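Good morning, and thank you for coming.

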Amino acid sequence: MAPSFYKWLLFPLLGLVLSSAKDPVPHPFHVSVVEINHNAADKNLEISCKIFTDDFERVLRQNYKTRVDIINPTDRAAVDKLVSDYIRSHLVLTVDGKPAEFSYLGYEREDDAIYSYVEVPNTPLPKKIDISNKLMYDLFDDQTNLVHVLVGGNRKSSKLEYPKAEISLSF
């Protein structure tokens, strides 16, 4: 009984240790999280995109045919451009029938994920937001993209599983 108990305890701990190594063990699921918050005081849509660091580097390398180190970039401006271009080309919003123009704010690392930040300035309280979210679809056919939207205190969430990429939310 004792050896099976240690095996039950050891394998999850080993997974944690290996996942923090330089070349992490691939995780068994592929997910991103997009949070959209309407800031009524500033009249902005504030958007964050959370993507696993290793997957994000891999998709940027694949799409832009260049070496990418998001954690320790030798040229932060060049990596910011890649991240911005990727987000803009894979996440598209239409607010009350008008295409949303993103202002890229930057990215930061938290644990094993990258948070990218964009905003849509000059956005009065939206009644309808159409979202096309194809983040990581060009890399994984088992990708799940979670979307959470908060407008006027009303929170709506949706789960997009490859190949589904479009949702429309009314407030």
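Two residues are said to be in contact when heavy atoms lie within 4.5 Å. Helices (H or I, at least four residues) and strands (E, at least two) are DSSP runs, numbered from the N terminus. Please note that this is a predicted model, in which local features need pLDDT of at least 70, side-chain atom pairs count only at pLDDT 80 or more, and totals for chains, interfaces and linings use all residues. Residues are numbered from 1 along each chain as its sequence is written, and side-chain values use heavy atoms, with hydrogens and water left out.

Let us begin with helix α2. Its buried residues (under 20% relative accessible area, with exposed over 50% and partly exposed in between, for a 1.4 Å probe and protein chains only) are Thr53, Asp55, Phe56, Glu57, Val59 and Leu60. Among the elements covering them are β2 (44-52), α3 (76-90) and β6 (113-120). After α2 comes Lys65, which has a positive phi, near 50°.

We turn now to the aromatic rings. Rings of Phe, Tyr and Trp (its six-membered ring) pair if their centres lie within 6.5 Å; planes under 30 degrees apart are stacked, over 60 edge-to-face, and the rest tilted. The count by this rule is four aromatic pairs. Phe56 is buried, at 0% relative accessible area, and Tyr86 is buried at 0% relative accessibility.
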